[in-house]
Amino acid sequence: MPLVAGVDSSTQSCKVVIRDAETGALVRQGRAPHPEGTEVDPYAWWNALLAALDAAGGLADVAAVAVGGQQHGMVCLDEAGQVVRPALLWNDTRSADAARELIAEAGGGEAGRRFWAEATGSVPVASFTATKLRWLARHEPANADRVAAVCLPHDWLTWRLAGAPGLDALRTDRGDASGTGYWSPQTGEYRLDLLERAFGRRVRVPVVLGPAQPAGQLDPAALAGVLSAAGAGPDGGALLGPGTGDNAAAALGVGAGPGDVVVSIGTSGTVFAVADTPAADSSGAVAGFADATGRFLPLVCTLNAARVLDAAAALLRVGLDELSELALTAPPGADGLVMVPYLEGERTPDRPTATGSLHGLTLGSSTPAHLARAAVEGMLCALADGLDALTAQGAAVRRIILVGGGARSAAVRQIAPQVFGRPVVVPPPGEYVADGAARQAAWVALGGAAPPTWAVADTEEYASDGVPAIRERYAQARGLIVDRLDTASA
């Protein structure tokens with residue numbers, strides 16, 4: 001019974017699961033928090049990984065390890081392999097102007113967007129690594145001069161687990177590389193000319209591995225003297241999987257296949273489909289990412305997801321469970337009360353300076369239940385806009401798989417079919433990014449043409465019962481927000 005470890009190094013925390021490689025049965029797990037903020041010292045992730053490994057009982061009996069990580073984060077290293085500055089995370093919007101510059105330099109407008117979509121599968125937004133590199137070159141030239149290599153959060157953690165054996169040993173996978181803005185899912189190659197365009201010069205980047213190609217071996221010395229006696233360190237020899245981005249790992253963790261659309265409600269909201277061909281959406285709504293199996297993962301991301309529920313609960317001074325109960329006591333559509341949930345700006349649509357708003361407030365809808373319902377519906381409507389963008393790119397939608405912390409809300413589970421208008425399947429609460437990383441590690445450990453089949457049991461299914469008026473009113477309110485921002489920026 002070989003065991004494997006999967007790591008989810010997310011925005012908010014690090015989770016580790018240890019599973020049976022053949023069956024997927026959970027053996028043990030651990031977690032540790034990450035600091036808040038949109039820029040973080042990568043060593044905080046490393047320390048959290050060590051703490052989570054300790055809580056999970058160590059790696060002494062593990063055959064392989066793989067890391068799933070938050071996408072896009074810019075980790076810059078100097079010639080000695082030292083971190084140059086805190087990493088800018090995906091949700092750091094200071095590079096919004098840099099994204100606009102890169103589009104303008106490629107012809108501007110539709111021509112510029114089409115150039116980037118055809119070159120990299122995606123149109124630059126503030127989230128992408130390439131825009132963060134442009135920001136660094138413009139605003140911190142001294143730090144930019146020190147950069148010898150750039151990598152992503154999961155790349156850096158995998159490299160550290162291997163003992164940080166030199167910059168030439170940096171490794172990544174096609175799923176995470178496809179979110180940089182300088183790698184092409186269409187060709188499977190880096191576009192170093194675009195990296196140079198963004199940063200002003202070329203630097204080293206990780207080698208892109210195949211879906212089950214080992215990234216090296218775990219170096220016991222990397223963990224020596226850190227784990228407690230209860231979490232003994234490894235004996236050596238454990239393989240390192242290539243790892244991947246969090247969304248590709250989640251798709252692998254829930255076993256998504258063609259016809260499945262995964263809606264993940266975490267710090268960010270993501271809507272992604274498994275596809276056999278790459279996407280290239282010049283509107284910028286759909287990012288044409290690759291997945292962790294050799295297929296593709298067209299994806300729409302919103303900045304505002306589960307924290308919309310947190311904000312509504314704080315505003316009403318209730319817990320999340322009570323927020324859910326309140327929302328379910330209000331009627332579908334909340335009697336016309338609509339929340340546009342752009343609380344932290346927004347990525348889809350690309351409105352980094354937008355703010356949230358309430359529309360249709362009346363005496364009758366001025367209740368905690370209506371506000372709770374409007375928050376849930378607004379968050380889901382923003383994600384449903386992403387679903388529309390995927391289908392416009394040809395994605396087939398047989399069912400929706402709802403995962404993430406937000407899916408724990410009974411209101412979210414029950415309202416989602418009304419908003420999406422399609423059947424919704426909800427797996428039991430779990431760490432599906434870490435599970436996907438573990439499944440990749442099992443693929444590496446066991447070999448074979450495909451990852452092992454791990455069943456997801458005890459799923460809940462909700463029949464499609466769409467209420468079109470919810471989205472119609474939301475679209476009207478969203479249009480008012482866009483018009484206001486366009487007028488202000490004119």
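**Strand pairing and a buried threonine**

In the predicted model, Lys15 has Arg31 of strand 3 as its bridge partner. Strands of a sheet pair through backbone hydrogen bonds, and the pairing may be parallel or antiparallel. Strand 2 and strand 3 form a hairpin with five residues between the strands. In this hairpin, Gly24 adopts a positive phi near 85°.

A further sheet is open and contains seven strands in the order 18-19-17-16-22-23-24. The pairing within this sheet is mixed. Strand 18 (287-290) and strand 24 (460-462) each have a single partner strand and therefore stand at the edges, with one side of each left without a neighbour in the sheet. From one strand to the next, the twist averages 25°. At the edge formed by strand 18, the pairing with strand 19 (residues 296-302) is antiparallel and extends over four bridges. Within this pairing, Gly288 lies opposite Pro298 of strand 19.

Among the helices, helix 6 spans residues 153-161 and includes Thr158. The relative accessible area of Thr158 is 5%, and because this value is under the 20% limit, the residue is classed as buried. When neighbours within four places in sequence are left aside, Thr158 is in contact with Val67, Ala215, Leu240 and Gly241.

Terms used. Residues numbered from 1 in each chain as written. Predicted model: local features only at pLDDT ≥ 70, side-chain atom pairs only at ≥ 80, totals over all residues. Heavy atoms only, no water. Pairing = 2+ DSSP bridges. Helix = DSSP H or I, 4+ residues; strand = E, 2+ residues; numbered from the N terminus. Axes fitted to C-alpha atoms, helices over the stretch in contact; angles between N-to-C directions. Buried < 20%, exposed > 50% of the residue type's maximum accessible area, 1.4 Å probe, protein only. Contact = heavy atoms within 4.5 Å.
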